[in-house]
Amino acid sequence: MKHFSGTSASGASSGPLPGASDPARLPAGAADSSGLPPGTVLRLQRTGPGADLPSTTAMLRVLDDAERARAARTVDATQSASFIAGRYLLRVLAADLLGTRADLFVSCFECPVCGPAGVTDHGRPAYLLDGGRVPLALSLSRAEGFVLLGALGAPESQGRHGSHRRSRSHKSRGSLRGRDVNGSPVSHDVQSPSRAGIGVDLTAVAPVEFKGFDDVALTPGERQMIDGLPAGDRRVARARLWARKEALVKALGTGFSDRGPDAVEVLSDHRVTDRPSVGDESLEPLGLVAAVAVVAVSP
């Protein structure tokens, strides 16, 4: 199964907006030269036609009952297939990092709107393994036949889903493994004291070009910046801003439940980074843009 992981440092950018002659930029800070904390893992996987994936039936067997039920409720066949592939690939990523089997996870996603009493099939991604919370911050985003996945190590802690402990399936290893966005091996203790949330977003450029987008999606400062760009550069700039907003609210775990997108300012938020490419896959030729956000979150 082909996936792209280990984005090089050049794949992170606050980057100039489209148009070489225009000096305007969408600024963003960086924790290092890649724009992301060490140990961050990203994967881009094709899920549309020509994707190197198991059959839908085989992927469904890896999911749990809550995920299968949600897939069954999705009337549109294309959307259902995309959901199944995304959840399957997120499990594969987590399993690869923890050295266990993807079908052993129990989903315990958290929705800021539904709250603790809500169902666990949507919201911020999280899993249980042997009754304990998996020590990873996870995120995924789907667009135009691709899925972008992100993972970051999180500490073991007491949570509402049960005591945090290493499962038997990876107890002897005690570390996260894989390759970070620079292609370097990742191996760090799951007991790391830091705690962070990660949010990734993959956005198709074309859908954001509609009348009224700026009014409902952008802050006054962002609208002013867009208005100052050459007309041919505005579409990509809007998509990049939207990807940043989605990535940030995913990392925070709130979505847009506490405020609308026109109140989320991302022109100079140092927690968010643009990703022009993931691994060896450039997003521009695909008509896509992406952003990744990493934020400190409360226990």
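## The sheet of β3, β4 and β5

In this predicted model, three strands make up an open sheet whose order is β3-β4-β5, with antiparallel pairing. The edge positions belong to β3 and β5; each has a single partner strand, so one side of each lacks a neighbour in the sheet. Between β4 and β5 there are two bridges, and the two strands pair in the antiparallel sense. Leu 128 has Arg 133 in β5 as its bridge partner.

The loop between β4 (127–129) and β5 (132–133) contains Asp 130. The phi of Asp 130 is near 55°, a positive value in a residue other than glycine. Most residues other than glycine have a negative phi. Asp 130 counts as partly exposed because its relative accessibility is 31%, a value between the limits of 20% and 50%.

## An aromatic pair involving β4

Five aromatic pairs are counted in the model. One of them joins Phe 105 and Tyr 127, which are stacked, with 5.3 Å from centre to centre and 25° between the planes. This pair links distant parts of the chain: Phe 105 lies in the loop between α3 (77–98) and β3 (106–107), Tyr 127 lies in strand β4, and the two are 22 residues apart.

Both partners count as buried, a class that requires under 20% relative accessible area. Phe 105 falls in this class because its relative accessibility is 2%, and Tyr 127 does so because its value is 1%.

## Strand β7 and its neighbours

Strand β7 pairs with β6 in the antiparallel sense over eight bridges. Within this pairing, Ser 139 stands opposite Gly 150 in β7. Strand β2 (residues 41–46) is also joined to β7, by six bridges, and these two strands run antiparallel. Arg 46 has Phe 146 as its bridge partner in β7.

Eight of the eight residues of β7 are buried. In a regular strand the side chains alternate between the two faces of the sheet. In β7 both faces are covered: one side carries Phe 146, Leu 148, Gly 150 and Leu 152, the other carries Val 147, Leu 149, Ala 151 and Gly 153, and all of these are buried.

## The turn between β6 and β7

Glu 144 is located in the loop between β6 (136–143) and β7 (146–153). The hairpin of these strands has two residues between them, and Glu 144 there takes a positive phi near 50°. Glu 144 counts as exposed because its relative accessibility is 57%, whereas the residues of β7 are buried.

## The sheet of β10, β14 and β11

A further open sheet of three strands has the order β10-β14-β11, and its pairing is antiparallel. At the edges stand β10 (196–204) and β11 (272–274), each with a single partner strand, so one side of each is without a neighbour in the sheet. From one strand to the next, the twist averages 20°. Helix α6 (residues 234–252) packs on this sheet and touches β10, β11 and β14; the direction of the helix makes about 150° with that of β10.

Strand β10 is joined to β14 (residues 288–296) by nine bridges, and the two run antiparallel. Ile 198 has Val 294 as its bridge partner in β14.

## An aromatic cluster

One aromatic cluster is formed by Phe 210, Phe 213, Trp 242 and Phe 256.

How values were computed. Residues numbered from 1 in each chain as written. Predicted model: local features only at pLDDT ≥ 70, side-chain atom pairs only at ≥ 80, totals over all residues. Heavy atoms only, no water. Helix = DSSP H or I, 4+ residues; strand = E, 2+ residues; numbered from the N terminus. Buried < 20%, exposed > 50% of the residue type's maximum accessible area, 1.4 Å probe, protein only. Pairing = 2+ DSSP bridges. Phe/Tyr/Trp six-rings, centres within 6.5 Å; stacked < 30°, edge-to-face > 60°. Axes fitted to C-alpha atoms, helices over the stretch in contact; angles between N-to-C directions. Contact = heavy atoms within 4.5 Å.
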